Amino acid sequence: MKLCAFLNAISQKVINPEDLPKLQKDVVQCLVSFELLFPPSFFNIMTHLLVHLVEEIEILGPVFLHNMFPFERFMGVLKKYVHNRARPEGSISKGRETEEVIEFCVDFLPDVKPIGVPQSRHEGRLSGKGTLGKKAMTCRDGLSFTQAHYTVLHNSPLVAPYIEEHKNIVRSNNPGQSDSWITEHHMETFGSWLQTHLMNDNDVGDQLYLLAKLPSSTILTFKGYEINGNTFYTFAQDQKSTNQNSGVRFDAATDKERKDTYYGYIDEIWELDYGPNFKVPLFRCKWVKLTGVKLDEQYGMTTVDLNNLGYLDEPFVLAKDVAQVFYVKDMASKPKRKRKDKQTNTSNEEPKRHIVLSGKRNIVGVEDMTDMSEDYNKFHEIPPFKVNIDPSIKLNDEDAPWLRRRRKPGH
C-alpha cells in the first residue's frame, strides 16, 4: 500500500515540490519495511533505484517528461524490422522508411484499407450490440416486465412531462397515502396510464408513440453485450471466463442536487423491442447498498461489500448509462485464519470487501471518436490511490529496523 501510493504520487503530471521530501522519506521507510520481510536476494538494482526517483524529479521534473518506457516499447517495434542480423541498423532504417512511404500513399488514396492496421472490434458497436448468448424468451414475470418498461420511460426526456402529471393524479385519487406508497403505485401504473392517455392524441411524435405502447413480450437476452466501447458479461458468464466484465457503476441524481454512486454486477441483459429499428438494451443488476460502500480516508480507495445487496425494486438500468468497473479482493479485509472445522474440514478465508477500479474503454479512433468527445468524458475514472494526507507513513514500533553488529575482539 505504501509503495503503490508512492508510485501513484510521483506519476502525476503536476507535483508540488514541497511534497518531494515527504515522498523521499516515505519510499525509504517502504524499503526498510521490505528488508524486515524479504531476503537480501530480493533487493537488486531495480529495487534500489526507487531511492533515486525523487532526486531525479527534483532535477528533471515530473516522471512523464523523462520516462524511458515509451522509447523501450518503440525499440521493440524497431527490432521487428531486422531481417538481416549482420546489418541491424540498415534493416531498421529500410523497414521504417518503407512503412512511412506506405502510410503517406494511403493518405492520398481514398477507400483503401491499410495493410497491417486491424479494425477495432468495437467499430459499429458503440450504440450497442449483443455479442454472446443471444436467446429469445417470452417474459412471464409481469413485475420484471413492468420494471423494465418503467426504467425506459423514466429515462426518456420525451416522457418526462407526463411523469409529474401522473404522480399528481395518483395523489389526488389516494389522499392520505405516504410518498413511498405514491411512488410505488406510480411505477406500477404509469406505463398503462401513458398508453391510454396518448392513445387518441394525433400530435404525438413517432418515438413517443412507440414508447407509450408496451414493448414486445418476446425479449432478447444476451450473455455478452458491447456498448460505449465496453464489453459487458453477465455474472454467470464471468464465472466461465478468465476476464471480469460484469461489474458496473451508476451515478444517480437525487432530489438534494447531489449524486449517489451505486455499484453492482450484471445479472441479466435484456433488449426490449419497441418497434422497427427501436430497441433499448437494459441491464438487470444486483446493487450494493450505499451502507456497503466505503471510501478509505487514508488512500482514497473505494471499497464495497458485494454481499450487502439491496434495492430489489429497482434492478434495471439503461446499458448506456453505466460505466464498467472491476472488483479486486481487498486482502486487508481478509478474516484472521481460524482452525478448520473438524467435521466440514473447511475454512472461510475469502476477503469481506473488494476494491473498486475503473474499467478502460476502447473508444478513441472508433467511429471518429477522440479523447475530447463528450461521450468519452461521460464517466469519470476512479483513481486506485488518491493520497489526500501526508504521504509520509511512520513505521510502527514493531517494524523498527534492527542492526546486527559483530562484537569486538576481547568483548
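**Exercise 1.** Which residue stands opposite Tyr225 in strand 5?

*Solution.* The model under study is predicted. In strand 5, the residue opposite Tyr225 is Phe232. The next step is the pairing of the strands: strand 4 (residues 224-227) and strand 5 are antiparallel and share four bridges.

**Exercise 2.** Determine the strand order of the open sheet of three strands, and explain which strands stand at its edges.

*Solution.* The order of this open sheet is 1-4-5, and the pairing is antiparallel. Strand 1 (129-132) and strand 5 (230-233) each have a single partner strand, so one side of each lacks a neighbour in the sheet, and these two stand at the edges. On average, neighbouring strands of this sheet are turned by 30° against each other, direction ignored.

**Exercise 3.** Classify the ring pair of Tyr274 and Phe278.

*Solution.* The whole structure contains 13 aromatic pairs according to the search. For Tyr274 and Phe278, the ring centres lie 5.6 Å apart and the planes make an angle of 35°. Planes under 30 degrees apart would count as stacked and planes over 60 as edge-to-face.

**Exercise 4.** Describe the salt bridge between Arg125 and Glu226, and state for each residue whether it is buried or partly exposed.

*Solution.* The closest N and O atoms of Arg125 and Glu226 are 3.1 Å apart. This pair links distant parts of the chain: Arg125 belongs to the loop between helix 6 and strand 1, Glu226 belongs to strand 4, and 101 residues separate them. Buried means under 20% relative accessible area. Glu226, at 2%, is therefore buried, whereas Arg125, at 23%, counts as partly exposed.

**Exercise 5.** Where do Glu100 and Arg96 lie, and which network includes them?

*Solution.* Both residues lie in helix 6 (residues 88-107), four residues apart, which is about one turn of the helix. Glu100 is partly exposed at 43% relative accessibility, and Arg96 is partly exposed at 28%. Through salt bridges that share partners, Arg96, Glu99 and Glu100 are joined into one network.

**Exercise 6.** Which residues make the nonpolar surface patch of about 380 Å²?

*Solution.* The patch is made by Leu36, Leu37, Phe38 and Phe42. Leu36 is part of helix 2 (residues 20-37) and is partly exposed, at 38% relative accessibility. Phe38 and Phe42 also belong to a cluster, linked by ring pairs, with Phe34 and Phe43.

Key:
Residues numbered from 1 in each chain as written. Predicted model: local features only at pLDDT ≥ 70, side-chain atom pairs only at ≥ 80, totals over all residues. Heavy atoms only, no water. Phe/Tyr/Trp six-rings, centres within 6.5 Å; stacked < 30°, edge-to-face > 60°. Pairing = 2+ DSSP bridges. Axes fitted to C-alpha atoms, helices over the stretch in contact; angles between N-to-C directions. Patch = residues over 30% accessible without salt bridge, like charges linked within 9 Å, V, L, I, M, F, W, Y side chains within 5 Å. Areas by Shrake-Rupley, 256 points an atom, 1.4 Å probe, with all protein chains shown as cover. Salt bridge = Lys/Arg side-chain N within 4 Å of Asp/Glu carboxyl O. Buried < 20%, exposed > 50% of the residue type's maximum accessible area, 1.4 Å probe, protein only.
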